[in-house]
Amino acid sequence: MPNLQLLDLLVRTEELGSLSKAAAAMGLAQPNASRALARFERKIGQPLLARSSSGSKLTSTGALVAGWARPLLAASEEFEAAMASLRKDATDRLQVLASQTIAESYAPAWLARFQACHPQVRVHLEVANSAAIMERILAGDSRLGLVESATIRPGLHTQAIGHDQLILICPPTHPWARRRSPVSLKQLAGTPLVVREEGSGTRQVLELALAQFTAARPALVASSNAAVIGSVSAGAGPAVISRKSAASALTQGIVCAVGVEHSDQLRRTLRAVWASGKAPVGAAAHFVEATRPALPPRPQ
């Protein structure tokens, strides 16, 4: 079996259109690279390169071998990164992109438990909405994503790390605050609500739950959970928000929780996400693994 360096040389030759350019990119002498490929061609009994004064082009066999080589090279890079993560010292870092609800209500406890077991790891947490996090990771951001969306973009791999229940809240002066029967999803859809911005996982879950009904225009759009709660308490309208995010306001009596029919449609799974084929390594891998036994049962 050829070594990975030789396969890398073949792939780079196809990409750069020149054996000499591929050799230079890899820090190899062009004559040595040429002899290595010639030996490989003799071994398999078929030409891999069509050489000319204008450069080198892969033959049909060469293109086939290069196609087989790419996943091997990608797996090798992933393996090297994983091995390197085992050698990292106390400067290791866990870099996380977390959606707002997760960052406010869940990540602090998760990260505290993680740091208790890995005190040498420095943690950096940045907050964005779920859609923005997935977009960044698909664009090449290597940080671990923590999202609350009901759907995950193609090209991402996920691991469930928790569950979250959305609830309906209103100010104490709202007629729903004294309501004994739950609000139907149709009634909820027909009511102007205070909602999160486009791209928010909370808003996506709500829109999916109400998708079969004609929805009223939002009473107000807010870009944070705190702004949603503040707007509700000020009388802008009811809202659907994470129970964890509203816990303090409910305890203080600033807002009231209202029952909703089919509230199971307002439950969601919280997930760690990363680009497919780029499994977490180092501190990120340890964090994802540490969340598995802590995953609570889905609410009934």
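Modeller: The domain assignment divides the chain into domain 1 (4-86), domain 2 (93-162 + 269-290) and domain 3 (163-268); such bounds come from an automatic or database domain assignment. The model is predicted: local features need pLDDT of at least 70, side-chain atom pairs count only at pLDDT 80 or more, and totals for chains, interfaces and linings use all residues. Residues are numbered from 1 along each chain as its sequence is written, and side-chain values use heavy atoms, with hydrogens and water left out.

Colleague: How far apart do the C-alpha centres of domain 1 and domain 2 lie?

Modeller: Those centres are separated by 35 Å.

Colleague: Why does Ser99 count as buried?

Modeller: Buried means under 20% relative accessible area (1.4 Å probe, protein chains only), with over 50% exposed and the range in between partly exposed. Ser99 has 1% relative accessibility, and therefore counts as buried.

Colleague: Which residues does Ser99 touch, not counting those up to four places away in sequence?

Modeller: Ser99 touches Val127, Ala128, Ser130, Ile133, Leu146, Val147 and Glu148, where contact means heavy atoms within 4.5 Å.

Colleague: What makes α1 roughly perpendicular to α3?

Modeller: Helix α1 (residues 4-16) and helix α3 (residues 30-44) pack at an angle of about 100 degrees, their axes being 11 Å apart. Angles of 65 to 115 degrees count as roughly perpendicular, under 35 as roughly parallel, over 145 as roughly antiparallel and the rest as oblique. Therefore α1 is roughly perpendicular to α3. Leu6, Leu9 and Leu10 of α1 meet Ala33, Ala36, Leu37 and Phe40 of α3.

Definitions and conventions
Axes fitted to C-alpha atoms, helices over the stretch in contact; angles between N-to-C directions. Helix = DSSP H or I, 4+ residues; strand = E, 2+ residues; numbered from the N terminus.
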